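Hi,

Here is the structure I promised to pass on. Have a look at it first, and then read my notes below.

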Amino acid sequence: MSFGKMNTFVDIILTKPVKDSEGFAEKGDIILASVRAYKEDRHGSEKWANRAAFSQASALFRFRRIPNLEITTDLVLVCSDGRYNIISVEDVKGRGMYIEVLAEKEAKASGKS
């Protein structure tokens, strides 16, 4: 994977409840890392057809492994397109160099009041 293809900037975020000054818990984001990644949106190619087990995945991200940071399905990826919930994590070719993540885009919250 060359850096030329890794042209999407991604924040790896841990979502955790944080108490505000009045004691109410609200969702807070903690940025664990910011990386360059290769991003591929879902389309009708043969590769995506073979990923039928992950039918809800809307994007694939590939980035270099970050030492001392385990990527799990509890984390969220945020890029310029929006927030993505991680569905699966895989070590590319088992070499410990790159991580491949299948993720589902979060639905935007409606602003109706």
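Before the surface figure, a quick word on terms: accessible areas here come from the Shrake-Rupley method with a 1.4 Å probe. On that basis, the protein has an accessible surface of about 7,600 Å², and carbon and sulfur atoms account for 50% of it. Keep in mind that this is a predicted model.

Now the overall layout. The protein has 6 strands and 1 helix, and starting at the N terminus the order is β-β-α-β-β-β-β. It has 113 residues, of which 32% count as buried. If you take the contacts between residues at least 6 apart in sequence, 50% of them join residues at least 24 apart.

E1 (residues 8–19) and E2 are antiparallel and joined by 12 bridges, with Ile13 standing opposite Ile31 in E2. The hairpin they form has 5 residues between the strands, and Gly23 there has a positive phi near 90°. E2 also pairs with E3 (residues 59–64), again in the antiparallel sense, over 4 bridges.

Is Tyr38 buried or exposed? It counts as buried, because its relative accessibility is 19% and the cut-off for buried is under 20%. Its bridge partner in E3 is Arg62. Tyr38 and Arg62 are 24 residues apart along the chain, yet their C-alpha atoms are separated by 5.0 Å. The side chain of Tyr38 also makes a polar contact of 2.8 Å with the side chain of Glu40.

Cheers

Methods. Residues are numbered from 1 along each chain as its sequence is written. This is a predicted model: local features need pLDDT of at least 70, side-chain atom pairs count only at pLDDT 80 or more; totals for chains, interfaces and linings use all residues. Side-chain values use heavy atoms; hydrogens and water are left out. Helices (H or I, at least four residues) and strands (E, at least two) are DSSP runs, numbered from the N terminus. Buried means under 20% relative accessible area, exposed over 50%, partly exposed in between (1.4 Å probe, protein chains only). Contact means heavy atoms within 4.5 Å. A polar contact is a pair of N or O atoms within 3.5 Å; within protein, one must be able to donate a hydrogen and the other to accept it, and residues adjacent in sequence count only if both atoms are side-chain atoms. Two strands pair if DSSP finds at least two bridges between them.
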